[in-house]
Amino acid sequence: MLNKIMMTGRITTDLNVVTEEDYSYCKFSIAVDQPKQKGVDTVETDTFTCLAFDDNAKSVSFLYSKGGQITFVGSLRKAPDNTAVIIVEELHFQDRFAVKVDAELGQLF
């Protein structure tokens with residue numbers, strides 16, 4: 001069975017990486033506009049909870065910030081509280097983006 005979803009939206013929360021025993025994660029929310037309907041001037045917005053793990057978590061928190069636009073591919077999962085959460089699997093960049101360098105870690109993003 002196929003469980004893939006591609007989302008583009010604006011980040012609505014602050015991005016912080018949390019490190020636990022042997023993994024790290026970044027939990028954030030995005031706002032996604034619904035398709036505009038003919039004859040309707042306002043656009044409704046849906047909010048989704050997302051989780052990025054390990055390298056994806058570090059990349060999300062380093063490259064993006066609250067209010068920024070993000071595009072990613074992920075999968076839809078059920079959280080322990082029976083809500084839906086999107087697991088970020090691939091980050092996608094639209095157009096050109098600024099290359100950032102973390103001098104302390106020697107990493108190029």
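1. A salt bridge here is a side-chain nitrogen of Lys or Arg within 4 Å of a carboxyl oxygen of Asp or Glu. By that rule, the count is one salt bridge, and its partners are E89 and K4, whose side chains meet with an N to O distance of 2.4 Å.

2. Before you go further, please keep in mind that this is a predicted model, in which local features need pLDDT of at least 70, side-chain atom pairs count only at pLDDT 80 or more, and totals for chains, interfaces and linings use all residues. Residues are numbered from 1 along each chain as its sequence is written, and side-chain values use heavy atoms, with hydrogens and water left out.

3. Where do E89 and K4 sit in the chain? E89 belongs to strand β6 (residues 84-92), while K4 lies in the segment before β1 (5-11), so the pair links distant parts of the chain, 85 residues apart. Strands (E, at least two residues) and helices (H or I, at least four) are DSSP runs, numbered from the N terminus.

4. How accessible are the two partners? Buried means under 20% relative accessible area, exposed over 50%, and partly exposed in between (1.4 Å probe, protein chains only). E89 is partly exposed at 30%, and K4 is partly exposed at 48%.

5. On the cysteines: the structure has zero disulfides, a disulfide being a pair of cysteine sulfur atoms within 2.5 Å. C26 is in no disulfide, and its nearest cysteine sulfur, that of C50, is 9.6 Å away. C50 is likewise in no disulfide.

6. Are C26 and C50 buried or exposed? C26 is buried, with a relative accessible area of 0%, and C50 also counts as buried, at 0%.
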